[in-house]
Amino acid sequence: MLKIRDFARLAEVSMTSLRYYDEIGLLKPIHVDPETDYRFYTVRDPMHTCRGLSLGRSLRREAV
């Protein structure tokens with residue numbers, strides 16, 4: 001498992017974005033510590049996130 005900071009670096013997104021994605025159900029962490037609310041992610045997730053974010057960026061560029 002990766003801590004949110006490490007996962008954010010791999011996925012090239014901010015920790016704030018990851019918290020928001022969790023809030024809206026777009027990308028859920030594998031585990032959330034009940035005492036600290038700290039989020040943990042799996043190694044597989046950054047690739048999925050990067051692909052999704054890249055697609056979103058591409059679509060926005062084409063729409064402009």
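Start with the surface view: the protein chain shows about 4,800 Å² of accessible surface, and 55% of that belongs to carbon and sulfur atoms. Those areas come from the Shrake-Rupley method with a 1.4 Å probe; for residues, only the protein chains shown count as cover. Bear in mind that this is a predicted model, where local features need pLDDT of at least 70 and side-chain atom pairs count only at pLDDT 80 or more, while totals for chains, interfaces and linings use all residues. Residues are numbered from 1 along each chain as its sequence is written, and side-chain values use heavy atoms, with hydrogens and water left out.

Now go back to the cartoon. Of the 64 residues of the protein chain, 30% count as buried; buried is under 20% relative accessible area, exposed over 50%, and partly exposed in between (1.4 Å probe, protein chains only). Among contacts between residues at least 6 apart in sequence, 48% join residues at least 24 apart, a contact being heavy atoms within 4.5 Å.

**Stop one: two helices**

Select residues 4-11, helix α1, and residues 15-24, helix α2: they pack at an angle of about 100 degrees, with axes 9 Å apart. The axes are lines fitted to C-alpha atoms, for helices over the stretch in contact, and angles run from 0 to 180 degrees between N-to-C directions. So α1 and α2 are roughly perpendicular to each other. (The classes: under 35 degrees is roughly parallel, over 145 roughly antiparallel, 65 to 115 roughly perpendicular, and the rest oblique.)

**Stop two: D22**

Stay on helix α2 and pick D22. Is D22 buried or exposed? At 10% relative accessibility, D22 counts as buried. Leaving aside residues up to four places away in sequence, D22 touches L27, K28, P29 and R39.

Side chains of opposite charge can pair when their charged atoms come close. The rule for a salt bridge is a side-chain nitrogen of Lys or Arg within 4 Å of a carboxyl oxygen of Asp or Glu, and the count comes to 4. One of them joins K28 and D22 at 3.1 Å, N to O. D22 also forms a salt bridge with R39, where the closest N and O atoms are 2.9 Å apart. That pair links distant parts of the chain: D22 sits in helix α2 and R39 in strand β3 (residues 39-41), 17 residues apart. Both D22 and R39 are buried.

**Stop three: D37**

Move to the loop between β2 (31-32) and β3 and select D37. At 45% relative accessibility, D37 counts as partly exposed. Check the backbone too: phi of D37 is near 65 degrees, a positive value in a residue other than glycine. The D37 side chain meets that of R39 in a salt bridge (4.0 Å, N to O), and R39 counts as buried at 13% relative accessibility. Finish by showing D22, K28, D37 and R39 together: salt bridges that share partners join them into one network.

Conventions
Helices (H or I, at least four residues) and strands (E, at least two) are DSSP runs, numbered from the N terminus.
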